[in-house]
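Thanks for coming, everyone. Please keep the sequence open beside it.

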Amino acid sequence: MLNNDTICALATANGMGAIAVIRISGPEAISKVATIYQSKFNASKSLNDAASHTIHLGYVMDGETIIDEALFSIFKNPHSYTGEDVIEISTHGSIYIQQKVLELLNKVGIRNANPGEYTFRAFWNGKMDLTQAEAVADLISSDSKASHEIAIKQMRGGFSNQIKDLREQMINFAALTELELDFSEEDVEFADRTQFYALLNELQSILKRLADSFAFGNVIKNGVPVAIIGAPNAGKSTLLNALLNEERAIVSDIEGTTRDTIEETLYIDGVGFRFIDTAGIREAGDTIERIGIEKTYEKIDLASIIIHLYDANITADNQISQQLDDLNQRGKIVFNVANKIDINNENNVISDAIRQEFKDVVHIEISAKDSYNIEALKEQLIYQIKLKGTNQDDTIVTNSRHVEALQNTLIQIGKIKQGMDNGLPGDLLAMDIREALTYLGHITGEIDVDQDILGTIFGKFCIGK
């Protein structure tokens, strides 16, 4: 539940900077901040008389002592981020000033905010729904163009509007179904069963697409994990260095140099790729190398893309075929990359037989040492991940809580259809419809959400947001 008190927190990052912004929100935000404010130009002027959406230059006062010259921005309810009265004090960025202002606010009866409390108040006061509130956290943590675009779209209500529209359609039919219960003795049907069945089919299709988009949305949000695997000395570390355009991994002619996995992130066309250089796959020579190879297989299981790298000059087709057979069974995007083509200055070293046998695999020939075809490899990486995703205009789900609710709704819709096929009475059908509506409502917060869930969601926010 919302505490009807006034809160404060540093809204900018901790530490010293050019400025710091301290945010205050609550019913007494203006009146209490007025007690530590003095106008620079008119000592008798009070913030209590200030209009909304105005900025005032003045002093932060501790009694008769000036703490800082600052800007005081006024946002009166309901036209503020939280839907409450809000004041933002922009001070100089001294850590001492920040701490002193927060102490003064505490002194006049304004308590320190909890993590995510401002956004929670915005949700509670109807300024945004739950999916939009969660998108705020995603926007703050977005570290690529793609994850930023998804978060912006969700914060603007793209996903929640779609869910609300679907829910509204179901509510209309549910109302007609429950109306029939009042006329059960007359055996009247207000709800067209054929029309509703068609609606359920459409809902299933839309909800399944949304749920399926999570696999794509999750990797975009957290970065696409790419495992570089192959035999020792295939050039995996050289490839990682070529992709990053820096000497990140140790390169040596000695087999088994990489004993542990090395991870680095590269942004390609706005999408983050987490490249993982793994230990070479072979019979381990010692305990440490064996542990490294075991970690390689762990990374293969966690990766969305696998780059199978091999020395084009010494690797036979039967070895390539055997490795690709194993990788194809793992349900990943697989790249078959022939390396070291500079040694014999040959192109088209990947045989037609391999290309024909593994048509779903991306085949490419490179020289990691000379950075030959590295840009083409990057282009294929971004093409393949977008190909596996959805149209950029589609709604993409990035939150595991949302996908769980979507899957539960799909299960419930299946029960409704089965009930209709079996001639289920209207009262029982109405119960199944209400259950489906509840799951959809949990996504946006239109149905009461458990306080523990709310605590988990907003507890992940930084203090000040």
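Start with strand β2. Of its 7 residues, 6 are buried, so β2 is largely enclosed by the rest of the structure. Before I go further: this is a predicted model. Keep that in mind throughout.

Now, what does β2 pair with? Take β6 to begin with. Strand β2 covers residues 19–25, strand β6 covers residues 86–92, and the two pair in the antiparallel sense over 7 bridges. Find R23 on your sequence. Its bridge partner in β6 is E88. I19 stands opposite H92 in β6.

Then there is β1. It pairs with β2, again in the antiparallel sense, over 4 bridges. Look at A9 here. The bridge partner of A9 in β2 is R23. So much for the pairs; now the whole sheet.

How many strands does the sheet have, and in what order? It has 7, and the order is β3-β4-β5-β6-β2-β1-β7. The sheet is open, and its pairing is mixed. At the edges sit β3, residues 37–39, and β7, residues 111–112. Each of these edge strands pairs on one side only.

A helix packs on this sheet. That is α3, residues 117–124. It touches β1, β2 and β7. The direction of α3 makes about 135° with that of β1, which covers residues 7–10.

Stay on α3, and pick out R121. Which residue does the side chain of R121 meet in a salt bridge? It is D5, at 2.8 Å from N to O. The pair links distant parts of the chain. R121 is in helix α3, D5 is in the segment before β1, and the two are 116 residues apart.

Are the two partners buried or exposed? R121 has 0% relative accessibility, so it counts as buried. D5 has a relative accessible area of 24%, so it is partly exposed. The cut-off for buried is under 20%.

This pair belongs to a network of salt bridges. The linked residues are D5, E84, R111, E117 and R121.

How many salt bridges does the structure hold? The total is 16. Let me show you two others.

One is E263 with R274. Their closest N and O atoms are 3.8 Å apart. E263 is in strand β9, residues 262–268, and R274 is in strand β10, residues 271–277. E263 is partly exposed, with a relative accessible area of 35%. R274 counts as partly exposed too, at 27% relative accessibility.

The other is R330 with D326. Here the closest N and O atoms are 3.4 Å apart. R330 is partly exposed at 27% relative accessibility. D326 is partly exposed as well, with a relative accessible area of 29%.

Now to a residue in another helix. I163 is in α6, which covers residues 158–181. Is I163 buried or exposed? It is buried, because its relative accessibility is 0%. What does I163 contact, leaving aside its neighbours within four places in sequence? The list is L210, L406, L440, I443 and T444. I163 and I206 are 43 residues apart in sequence, and their C-alpha atoms are 9.8 Å apart in space.

Time to zoom out. The chain has 465 residues, and 48% of them count as buried. Its secondary structure comes to 15 helices and 13 strands.

Last topic: confidence. The mean pLDDT of the chain is 82. Of its residues, 82% reach 70 or more. Where is the pLDDT below 50? One such stretch is residues 249–259. Beyond near neighbours in sequence, this stretch has 29 contacts in the model. Another is residues 282–286, where pLDDT stays under 50. For that stretch the model has 9 contacts beyond four places in sequence. Where pLDDT is low, the predicted coordinates should not be read in detail.

That's the tour. Questions, please.

How values were computed:
Residues are numbered from 1 along each chain as its sequence is written. This is a predicted model: local features need pLDDT of at least 70, side-chain atom pairs count only at pLDDT 80 or more; totals for chains, interfaces and linings use all residues. Side-chain values use heavy atoms; hydrogens and water are left out. Two strands pair if DSSP finds at least two bridges between them. Contact means heavy atoms within 4.5 Å. Axes are lines fitted to C-alpha atoms, for helices over the stretch in contact, and angles run from 0 to 180 degrees between N-to-C directions. Buried means under 20% relative accessible area, exposed over 50%, partly exposed in between (1.4 Å probe, protein chains only). A salt bridge is a side-chain nitrogen of Lys or Arg within 4 Å of a carboxyl oxygen of Asp or Glu. pLDDT is the predictor's confidence in each residue, from 0 to 100.
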